[in-house]
Amino acid sequence: QVQLVESGGGLVQPGDSLRLSCAASGRPFSSYVMGWFRQAPGEVREFVATITRNGGTTLYADSVKGRFAISRDNAKNTVYLQMNSLKPADTAVYYCAAGSWGTGEGSYHYWGQGTQVTVSS
């Protein structure tokens with residue numbers, strides 16, 4: 001079992017930056033591929049980014065490529081999502097997830113409770 005707790009969400013203006021954190025506890029953090037997903041109101045949850053166990057490879061959704069960066073610190077059992085140049089369309093609840101490599105929800109077995117990000121002027 002892995003427990004995931006996200007933090008760092010909030011209300012920001014368009015163009016601002018925000019960094020989300022996800023702290024893991026339980027089974028060894030480095031055993032899992034980590035991912036970020038988001039769900040906007042009335043929408044299905046969608047893939048945002050993922051990172052391999054050693055942090056050597058990352059993958060992003062086209063909508064965030066070049067603006068968001070996923071990273072992890074295995075010594076701190078934490079995965080991060082640095083979000084720059086935020087847009088109103090980035091408004092969503094952001095979830096971190098632990099599992100296997102992939103962009104679909106089915107690749108991930110453990111989920112956090114989510115943290116709200118609102119981008120508005």
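**Close-up views of a predicted model**

A search of the whole structure, a predicted model, finds 1 disulfide.

**View 1. Cys22 and Cys96 form a disulfide.** Their sulfur atoms lie 1.9 Å apart. The pair links distant parts of the chain: Cys22 sits in strand S3 (residues 18–26) and Cys96 in strand S9 (residues 92–99), 74 residues apart. Both Cys22 and Cys96 are buried. A disulfide is a covalent bond between the sulfur atoms of two cysteines.

**View 2. Arg67 sits in the loop between strand S6 (58–60) and strand S7 (68–73).** Is Arg67 buried or exposed? Its relative accessibility is 12%, so Arg67 counts as buried. A polar atom of its side chain lies 3.0 Å from the backbone oxygen of Ser85. The Arg67 side chain also makes a polar contact with the side chain of Asp90, at 2.8 Å. Leaving aside neighbours within four places in sequence, Arg67 contacts several residues, including Gln82, Met83 and Leu86.

**View 3. Arg38 forms salt bridges with Glu46 and Asp90.** The Arg38–Glu46 distance is 2.6 Å, N to O. For Asp90 and Arg38, the closest N and O atoms are 2.9 Å apart. Asp90 lies in the loop between strand S8 (78–83) and S9, and Arg38 in strand S4 (residues 33–39), so this pair ties together parts 52 residues apart in sequence. Arg38 is buried at 6% relative accessibility. Asp90 is buried at 1%. Glu46 is partly exposed at 35%.

**View 4. Arg45 and Glu105 meet in a salt bridge.** The N to O distance between their side chains is 3.1 Å. Arg45 is partly exposed, at 23% relative accessible area. Glu105 is partly exposed too, at 34%.

Methods: Residues are numbered from 1 along each chain as its sequence is written. This is a predicted model: local features need pLDDT of at least 70, side-chain atom pairs count only at pLDDT 80 or more; totals for chains, interfaces and linings use all residues. Side-chain values use heavy atoms; hydrogens and water are left out. A disulfide is a pair of cysteine sulfur atoms within 2.5 Å. Helices (H or I, at least four residues) and strands (E, at least two) are DSSP runs, numbered from the N terminus. Buried means under 20% relative accessible area, exposed over 50%, partly exposed in between (1.4 Å probe, protein chains only). A polar contact is a pair of N or O atoms within 3.5 Å; within protein, one must be able to donate a hydrogen and the other to accept it, and residues adjacent in sequence count only if both atoms are side-chain atoms. Contact means heavy atoms within 4.5 Å. A salt bridge is a side-chain nitrogen of Lys or Arg within 4 Å of a carboxyl oxygen of Asp or Glu.
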